[in-house]
Amino acid sequence: MKRYRSVLITGANGGIGSAFARLLAPFMESMLITGRNLQALQKLAGEIKSPVSNNIHIEIADLTKQEDVNQLAVLAGEKKIDLFINNAGFGHFNHFLATSTKETIDMLQVNVLAATQLLHVLLPGMIERATAGKRAGVICVASMAGFMPLPYFSAYAASKNYLHALVLGLQQELCQQPIDLLSLCPGLVETAFIAKANMPRKLLKWAANPEVIAQTAMQKLGKHHQYTYGFGNQVAIMAGHLLPPEMKRKLLYYYCKKWLLPKNST
Ligand SMILES: NC(=O)c1ccc[n+]([C@@H]2O[C@H](COP(=O)([O-])OP(=O)(O)OC[C@H]3O[C@@H](n4cnc5c(N)ncnc54)[C@H](OP(=O)(O)O)[C@@H]3O)[C@@H](O)[C@H]2O)c1
């Protein structure tokens, strides 16, 4: 972690994003933390401020808004970030047609377009600065959902599939450059994500701790290109690769409909 001096974390006001912020703060000369909730970000900045990490910049940005993404990209360039944690994201667990077009487009705007734009704008500067003897790093928080077509979470799973494929493709394209990329693909994590997605609260008992997710991700950066926390999750992914695609879709459909879809969904 001491490799990096300046970090940008999107979606820092809660969950996995704030876990990264807490973990990295003791090592960073400068932090750019962003989200939509000013109060939560100020509280976080107060908690993590230390003599080492006293240069914490809060930027309020709604990543569904193009002008906010543009402004964030400019600011991150000025801060000369060498570690980018692309973490902001959300999804709605429901019938595709019961989710409004706006909600779906907003989700793609955050999970796909803002992530792509920030990578596109930030990578050249990160690589250029890193050639001075240091490596830069990127962690994109995708999801285990990105490995499979997921009924009732179809657009979200597709957005995470995009992000995962983008990171792995870029990692190969940039393999001669001094930059490490990691596609972080968590299973369930104990954050507000589950309630916001309208998924049942009972899932929380199988959810991983966000601090552990952030910690293991930082350990994997530079050593692996993709990482899913938890033996059970890793076995599930492997089993998923072995099943015939149609059988996999049917099993997931049954599981999602019976166990995850709210009973009042039409
Ligand atoms: N928790 C899980 O089970 C799980 C599993 C796999 C992957 N993930 C991924 O992990 C990442 C972090 O999620 P989390 O679990 O930590 O949940 P979370 O606590 O809800 O964090 C998501 C973050 O994204 C931000 N965000 C959402 N919409 C935004 C927008 N329009 N503009 C700017 N920021 C926005 C949220 O800000 P607001 O608070 O303002 O909405 C929040 O800070 C997400 O990409 C999620 O898809 C989560």
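A residue is called buried if 20 or more other C-beta atoms lie within 10 Å of its own, exposed if 12 or fewer, and partly exposed in between, with C-beta atoms placed from the backbone. Gln 66 has 12 C-beta neighbours inside 10 Å, so Gln 66 counts as exposed. This is a predicted model: local features need pLDDT of at least 70, side-chain atom pairs count only at pLDDT 80 or more, and totals for chains, interfaces and linings use all residues. Residues are numbered from 1 along each chain as its sequence is written.

Gln 66 sits in helix H3. Helices (H or I, at least four residues) and strands (E, at least two) are DSSP runs, numbered from the N terminus. H3 covers residues 66–78, which makes 13 residues. From first C-alpha to last, H3 reaches 19 Å, close to the 18 Å expected at 1.5 Å a residue. That expected span is 1.5 Å times one less than the number of residues.

Val 69, Leu 72 and Ala 76 are buried. They cover an arc of only 65° around the axis, so they lie on the same side of H3. The arc is taken from the directions that run from the helix axis to the C-beta atoms. An α-helix has 3.6 residues a turn, so residues three or four places apart point the same way. The face turned away from the buried side carries the exposed residues Gln 66, Glu 67, Val 74 and Glu 78.

What do the buried residues of H3 pack against? Their partners are strands E1 (6–10), E2 (30–35) and E3 (56–60), plus H4. Contact here means that two C-beta atoms, placed from the backbone, lie within 7 Å. Just after H3, Lys 80 takes a positive phi of about 50°. Ile 81 touches Ser 6, Val 7, Leu 8, Leu 32, Ala 76, Leu 122 and Met 126, leaving out residues up to four places away in sequence.

A nonpolar core is a set of buried Ala, Val, Leu, Ile, Met, Phe, Trp, Tyr and Cys residues joined through C-beta atoms within 7 Å. The largest one has 71 residues. Those with the most contacts inside it are Val 7, Ala 21, Ile 33, Ile 81, Ile 139 and Cys 140. Helix H4 (residues 101–130) gives the largest share of this core, seven residues.

Next comes the ligand. Its shell has 28 residues, the closest being Gly 11, Gly 15, Gly 89, Thr 191 and Phe 193. H1 is mostly covered, with eight of its 10 residues buried.

Finally, turn to the loops. Asn 94 lies between strand E4 (83–86) and H4. Beyond its neighbours within four places in sequence, Asn 94 contacts Thr 99, Tyr 152, Asn 198 and Ser 265. Tyr 152 is in the loop between strand E5 (136–141) and helix H5 (154–173). Tyr 152 counts as buried because it has 23 C-beta neighbours inside 10 Å. Asn 198 is in the loop between H6 and helix H7 (210–220). Tyr 152 has a positive phi of about 75°, and Asn 198 one of about 70°. Most residues other than glycine have a negative phi.

Terms used
Near = placed C-beta within 6 Å.
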